[in-house]
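Subject: Structure for your review

Dear colleague,

I would be grateful if you would look at the sequence and the model before reading the notes.

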Amino acid sequence: MVDLWNIINRLEQKKCALTVLDQPLIDTTKPEGKVVVSLLAYVAETDRNLILERTASGRTRAREKGVKFGRKACLSPVQLVALKQDAAG
């Protein structure tokens, strides 16, 4: 939401406005257009936060079930020990 308002403010400083041609309600030259942009930005931010919460909850449940995250190991434990010994040696 902050980024959107920063863009709109930069446009206003350059004497420009945000107008979506096929969406007449989204027009920052009018006060009601700014309200619509604010509402849409708020809904988008709220939706994004809900997505983040749900994915975090899903990851937590997966960890509790023993799911491993990340890449699978390329080296076996024996190869890893040999590599460490070679690097130290």
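The notes below describe what was found.

This is a predicted model, in which local features need pLDDT of at least 70 and side-chain atom pairs count only at pLDDT 80 or more, while totals for chains, interfaces and linings use all residues. Residues are numbered from 1 along each chain as its sequence is written, and side-chain values use heavy atoms, with hydrogens and water left out.

The two helices

Helices here are DSSP runs (H or I, at least four residues), numbered from the N terminus. Helix 1 has 12 residues and reaches 16 Å from its first C-alpha to its last, close to the 16 Å expected at 1.5 Å a residue. For helix 2, with 34 residues, the reach between the first and last C-alpha is 50 Å, close to the 50 Å expected at 1.5 Å a residue. The expected span is 1.5 Å times one less than the number of residues in the helix.

Two packed helices are described by the angle between their axes and the distance between the axes. Here, helix 1 (residues 2-13) and helix 2 (residues 31-64) pack at an angle of about 155°, and their axes are 11 Å apart. Axes are lines fitted to C-alpha atoms, for helices over the stretch in contact, and angles run from 0 to 180 degrees between N-to-C directions. The two helices are therefore roughly antiparallel to each other, a term used for angles over 145 degrees.

Helix 1 contributes Leu4, Trp5, Ile8 and Glu12 to the contact, and helix 2 contributes Lys34, Val37, Ser38 and Ala41; contact means heavy atoms within 4.5 Å. The residues of this contact divide into 5 nonpolar, 1 polar and 2 charged. In this grouping, Ala, Val, Leu, Ile, Met, Phe, Trp, Tyr, Cys and Pro count as nonpolar, Asp, Glu, Lys and Arg as charged, and the others, Gly among them, as polar.

Buried positions

Buried means under 20% relative accessible area, exposed over 50%, and partly exposed in between (1.4 Å probe, protein chains only). The buried residues of helix 2 are Gly33, Val37, Ala41 and Ala62. Alanine 41 counts as buried because its relative accessibility is 9%. Leaving aside neighbours within four places in sequence, alanine 41 is in contact with Met1 and Leu4. Alanine 41 and aspartate 3 are 38 residues apart in sequence and 9.9 Å apart in space, C-alpha to C-alpha.

The loop and the cysteines

Aspartate 27 is found in the loop between helix 1 and helix 2, and at 10% relative accessibility it counts as buried. Apart from its neighbours within four places in sequence, aspartate 27 is in contact with Leu18, Thr19, Gly33 and Lys34.

Lysine 15 is found in the loop between helix 1 and helix 2, and counts as exposed at 77% relative accessibility. Most residues other than glycine have a negative phi. Lysine 15 has a positive phi of about 60° although it is not a glycine. Helix 2 is followed by glycine 66, whose phi is positive, near 95°.

A search of the whole structure finds 0 disulfides, a disulfide being a pair of cysteine sulfur atoms within 2.5 Å. Cysteine 16 counts as partly exposed at 38% relative accessibility, and cysteine 74 is exposed, with a relative accessible area of 65%.

With kind regards

Conventions
Parallel < 35°, antiparallel > 145°, perpendicular 65-115°, else oblique.
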